[in-house]
Amino acid sequence: MKKILVALVLLTQLTLQAQEKTGAQQFWENLQKHCGKSFEGEIKEGASNDTFRDKKLVMHVRSCTKNTIKIPFFVGEDKSRTWVLTFENDRIKLKHDHRHEDGTEDKVTQYGGTSPNSGSAGIQFFPADQETLNLIPNAATNVWWITIDQTSFTYNLRRLGSDRLFTVKFDLTKTVATPTAPWGWKD
């Protein structure tokens, strides 16, 4: 009887340890699996934006460290955008790094937000932070979210209280050729 009890206690501890990863940790690990890979996407919402219309859309999970993942987002020949995700204190922060062709920062850059909780393995939400409000007052009600599963990655933006919605979906089942370095980076 003692052996059965000890075995049950050990099994319970192992099960609890396996379940101890938070949603943010699981999300982070799911995203890191794609480090170094590039994927093509398509606009699902907000296609009226001429900046994106009829252009090839590619994301490249270019740089992964323990606490930072950088994902350049290419719109045709425009290599100005990089999504920067930072993992700290069981929260994930999303920032948008915008650069000019010469590599200098755009005047509208480093906006975004931090997840208000651990989220889940498949989705993280990022409400606009104070830095975003200071930089882009109209973006005070922005909420970004990223989803990831076995087949797709989506980047989304909703401006609460307006019709503004943007969604781009990337197919994670097919890699594409990796683009050259985004603006401000070196190969």
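Strand β5 (residues 78–88) pairs with β6 in the antiparallel sense, over eight bridges. The model described here is a predicted one. Within this pairing, Val 84 stands opposite Lys 95 of β6. The two strands, β5 and β6, form a hairpin with two residues between them. Asn 89 lies in the turn of this hairpin and has a positive phi of about 55°.

Strand β6 covers residues 91–98. It is mostly covered, since six of its eight residues are buried; a residue counts as buried when its relative accessible area is under 20%. Strand β6 is also joined to strand β7 (residues 111–114) by four bridges, and these two strands run antiparallel. In this pairing, the bridge partner of Leu 94 is Gly 113 in β7.

Strand β10 spans residues 152–159, and seven of its eight residues are buried. Strand β10 is therefore largely enclosed by the rest of the structure.

Strand β9 (residues 142–148) is joined to β10 by seven bridges, and the two run antiparallel. One of the paired positions is Ile 146, whose bridge partner in β10 is Tyr 155. A hairpin through three residues joins β9 to β10.

The pairing of β10 with strand β11 (residues 165–175) is antiparallel and has seven bridges. Here the bridge partner of Leu 157 is Phe 166 in β11. Strands β10 and β11 also form a hairpin, with five residues between the strands. In this hairpin, Gly 161 takes a positive phi near 85°.

## Helix α2 and what covers it

Which residues of helix α2 (residues 23–32) are buried? They are Gly 23, Ala 24, Phe 27, Trp 28 and Leu 31. Seen down the axis of α2, the buried residues fall within an arc of 135°, so they line one face of the helix.

What covers the buried residues of α2? The cover includes strands β4 (68–75), β5, β6, β8 (123–127), β9 and β10.

How values were computed: Residues are numbered from 1 along each chain as its sequence is written. This is a predicted model: local features need pLDDT of at least 70, side-chain atom pairs count only at pLDDT 80 or more; totals for chains, interfaces and linings use all residues. Side-chain values use heavy atoms; hydrogens and water are left out. Buried means under 20% relative accessible area, exposed over 50%, partly exposed in between (1.4 Å probe, protein chains only). Two strands pair if DSSP finds at least two bridges between them. The arc is that of the directions from the helix axis to the C-beta atoms. Contact means heavy atoms within 4.5 Å.
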